[in-house]
Number of protein chains: 2
Amino acid sequence: MSGVPELLLLQQLNAEEMYGYELVKRIRGVTGETITLGEGVIYPVLHGLEQSGALKARRKKVAGRTRVYYSVTAKGRKRLGILQHEWQRIQSGINAALGAASRA
Amino acid sequence: MSGVPELLLLQQLNAEEMYGYELVKRIRGVTGETITLGEGVIYPVLHGLEQSGALKARRKKVAGRTRVYYSVTAKGRKRLGILQHEWQRIQSGINAALGAASRA
DNA sequence: TCAACATACCTCGCGCTGCGAGGTATGTCA
DNA sequence: TGACATACCTCGCAGCGCGAGGTATGTTGA
């Protein structure tokens with residue numbers, strides 16, 4: 001199926017180190033409100049990716065509050081590449097079907 | 001989430017009346033093996049769409065064997081439009097995110 | 001002639017993923 | 001001091017996808 005949330009997270013974190021709460025807003029912004037991933041999605045995915053070694057966490061105190069910043073590891077970049085490719089495949093597959101049918 | 005199978009089915013049937021078994025192969029072909037919807041996906045979706053009035057079924061005997069041909073109703077065409085639009089939205093949303101991040 | 005394969009239909013039930021809702025703690029501002 | 005924002009987290013349900021299995025008929029070839 002999808003793996004879309006995972007793709008989006010890795011992509012954002014690859015561009016810039018970020019923490020969970022920020023990612024929620026960031027993704028909403030960058031997709032133009034189209035895709036809204038709540039915290040119930042973000043945090044589990046984040047933890048999963050850290051577990052599998054695709055992300056590295058770093059606790060940081062900012063203005064008395066603790067944030068957990070995540071950055072992409074080499075393994076994560078590899079994973080990102082796979083997911084991007086996968087997304088291309090799916091996208092072009094579906095678009096081919098849509099195009100083919102309307103041409104028929 | 002997706003609704004991708006539904007979209008693909010409606011799209012194909014909108015172009016041409018077809019039966020379930022045929023759709024399985026057709027979709028595999030038209031998406032270039034990228035997307036393979038098994039019978040366990042096709043038939044339930046087909047029945048659901050018929051139930052909701054988006055499709056109309058027509059039994060037909062061909063070479064002794066019975067086939068159930070489905071065609072799209074007005075309601076189905078409307079539904080198809082919605083799903084297509086939805087797919088555009090998702091697609092451009094994700095691509096925006098991918099583009100924005102790589103530009104960063 | 002009969003096994004094996006293709007056509008054509010169908011359903012059950014598992015598995016995974018997404019996600020809303022709820023819960024904690026701290027800082028800030030009226 | 002209460003309300004709101006920031007920041008983290010988890011539980012558990014819901015829904016969808018889909019593999020596996022089941023029926024029945026026609027065809028083909030050893």
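Which elements each supply at least two residues of the surface near DNA strand D? In this predicted model, they are α2 (20–30), α3 (39–51) and β3 (65–72) of chain A, together with α3 (39–51) of chain B. The largest share of that surface, five residues, comes from α3(A). DNA strand D is surrounded by 24 residues, and the closest are Tyr21(A), Glu39(A), Arg67(A), Val68(A) and Gly40(B). By class, the residues of this surface divide into 11 nonpolar, eight polar and five charged.

For DNA strand C, the elements that each supply at least two residues are α3 of chain A and, from chain B, α2 (20–30), α3 and β3 (65–72). Here α3(B) gives the most, with five residues. Around DNA strand C there are 24 residues, the closest being Gly40(A), Tyr21(B), Glu39(B), Arg67(B) and Val68(B).

Sugar or phosphate accounts for 60% of the atoms of DNA strand D within 4 Å of the protein, while the rest belong to bases; for DNA strand C the share of sugar or phosphate is 61%, and again the rest belong to bases.

| Residue | Part of the residue | DNA strand | Distance |
|---|---|---|---|
| Gly20(A) | backbone N or O atom | D | 3.4 Å |
| Lys25(A) | polar side-chain atom | D | 2.9 Å |
| Arg67(B) | polar side-chain atom | C | 2.4 Å |
| Val68(B) | backbone N or O atom | C | 2.8 Å |

The side chain of Arg65(B) has an N or O atom 2.9 Å from a sugar or linking oxygen of DNA strand D, and an N or O atom of the Arg65(B) side chain is 3.2 Å from a base oxygen of DNA strand C.

Methods. Residues numbered from 1 in each chain as written. Chains lettered and ligands numbered in written order. Predicted model: local features only at pLDDT ≥ 70, side-chain atom pairs only at ≥ 80, totals over all residues. Heavy atoms only, no water. Near = heavy atom within 4 Å. Polar contact = N/O pair within 3.5 Å; in protein donor to acceptor, adjacent residues only side chain to side chain. Helix = DSSP H or I, 4+ residues; strand = E, 2+ residues; numbered from the N terminus. Nonpolar A, V, L, I, M, F, W, Y, C, P; charged D, E, K, R; others polar.
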